Amino acid sequence: MKSKIFILIIVIISLLCIYLFSSSKDKTLIGNQTSHQLMPLVQKETTSPPKKIILLIGDGMGINHTTIGRFHLGGPNFNMGVDRMPIHGMVTNHSFNSLYIDSAASATAWATGTRTINGFIGVDHKKRNVTNITELLATHDYISGLVATSSLTHATPAAHYAHVDSRYKEEEIASQLMTSDIRIALGGGQEFFNLEENENATIILNPEQLEDKVLGSQRIIGLFAQDGIKRSVGPTQLAMSKSALSFLEKNSECGKYFLMSEGSQIDWASHDNDLPAMLVELADFNDTVNYMLDFASARDDVLVIVSSDHETGGLTLLDQEKDYVISKWNTDSHSLNQVAIYAYGPGASQFAGKVDQTEIFAKIADLADKTSCSID
Ligand SMILES: [Zn+2]
């Protein structure tokens with residue numbers, strides 16, 4: 001009898017813990033930085049194609065992630081980087097056989113125009129290789145660079161160079177990066193690479209090497225962590241993106257390049273339902289967006305696109321209590337919530353309205369500069 005009562009008490013305590021955990025809410029301080037905020041950009045009229053195409057992905061970044069970022073970083077009137085962009089659209093993003101989409105099927109959708117099965121990278125639902133955007137742009141003399149705060153073998157960067165039927169074959173994905181046309185790739189993932197076989201690229205393991213090597217080498221793979229980059233160690237997404245941009249500027253003989261930079265760990269912090277960590281990742285992503293927009297606004301040949309693969313955490317923003325936003329996570333996985341796309345620069349209007357994730361590939365391909373580049 002005593003043991004039955006004991007078991008009953010344990011069950012009640014467990015249910016209480018589950019209830020308290022599942023209903024736990026976060027309190028986030030509302031910021032007040034509007035005095036020095038960056039202002040919205042006006043779309044320039046131009047008919048010339050974009051020679052520089054910059055795609056920035058906030059992994060797991062839903063509309064509510066951006067909203068709480070706005071409240072926290074500067075208050076309700078603050079402009080996030082995406083708020084400065086004149087074109088906004090809504091993305092539909094299911095996978096081949098499910099409403100739920102993971103980063104592999106999602107990145108394959110925009111990088112190849114193909115709707116595939118979760119876990120597949122650069123292959124269709126029958127595991128047939130499909131051409132990706134960096135391979136296609138290379139035929140028009142664009143060179144390509146990738147940045148991620150995850151391992152470079154992670155799903156989002158991988159979909160821009162690899163063709164494999166499982167995102168978990170990371171050694172295979174790493175070897176495909178080494179033989180790809182990607183000219184600069186900066187992120188984590190040392191443990192997946194055979195560092196002895198690096199004849200066709202300069203491999204650097206320390207971000208402090210970035211300055212000299214970026215200026216000097218023809219091809220760079222920067223691996224700054226065993227797996228994902230630790231926030232406390234760095235480098236930041238912004239620092240890597242700046243280096244990749246200056247490399248592409250310097251090394252593109254035709255002035256044409258494609259850069260994909262991912263804030264990978266917005267997703268990871270959201271899986272952990274860790275709002276303070278998510279806001280740190282989002283702030284780095286936001287700094288990267290602003291840096292690229294400032295670069296683009298000084299020229300007329302740069303197209304900047306910002307989007308997300310899916311929403312993570314089912315984040316809902318519930319209320320205000322004095323100086324705080326009250327929010328709640330509803331899952332430790334991806335939700336089915338819609339995500340957004342934002343654009344600025346030549347061709348940006350193509351990304352207004354409803355955009356299926358698979359259409360992004362064709363839109364970039366159509367906009368690309370097809371004129372051949374004659375090098376003296
Ligand atoms: Zn995820």
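**Close-up 1. Helix 2 against helix 10.** Helix 2 packs on helix 10 (residues 275–297) at an angle of about 90°, their axes 10 Å apart. Axes are lines fitted to C-alpha atoms, for helices over the stretch in contact, and angles run from 0 to 180 degrees between N-to-C directions. The two helices are therefore roughly perpendicular (65 to 115 degrees; under 35 counts as roughly parallel, over 145 as roughly antiparallel, the rest as oblique). From helix 2, His65, Gly69, His72 and Leu73 meet Met278, Leu279, Leu282, Ala283 and Asn286 of helix 10. Contact requires C-beta atoms, placed from the backbone, to lie within 7 Å. Helices (H or I, at least four residues) and strands (E, at least two) are DSSP runs, numbered from the N terminus.

The model is predicted: local features need pLDDT of at least 70, side-chain atom pairs count only at pLDDT 80 or more, and totals for chains, interfaces and linings use all residues. Residue numbers start from 1 along each chain as its sequence is written.

Close-up 2. Strands pair if DSSP finds at least two bridges between them. Strand 1 is joined to strand 11 (residues 324–328) by 4 bridges. Thr28 stands opposite Val325 of strand 11.

**Close-up 3. Strand 3 and its partners, strands 12 and 13.** Strand 3 (residues 87–92) runs antiparallel to strand 12 (residues 339–344), with 5 bridges. Ile87 is opposite Ala343 of strand 12. Strand 3 runs parallel to strand 13 (residues 353–356), with 4 bridges. There, Gly89 has Gly353 as its bridge partner.

**Close-up 4. The buried face of helix 6.** In helix 6 (residues 170–178), the buried residues are Glu170, Ile173, Ala174 and Leu177. Buried means 20 or more other C-beta atoms within 10 Å of the residue's own (exposed, 12 or fewer; partly exposed, in between), with C-beta atoms placed from the backbone. Seen down the axis of helix 6, these residues fall within an arc of 100°, so they line one face. The arc is that of the directions from the helix axis to the C-beta atoms. Their cover includes strand 4 (143–151), helix 5 (155–158) and strand 5 (184–188).

Notes: Two residues are in contact if their C-beta atoms, placed from the backbone, lie within 7 Å.
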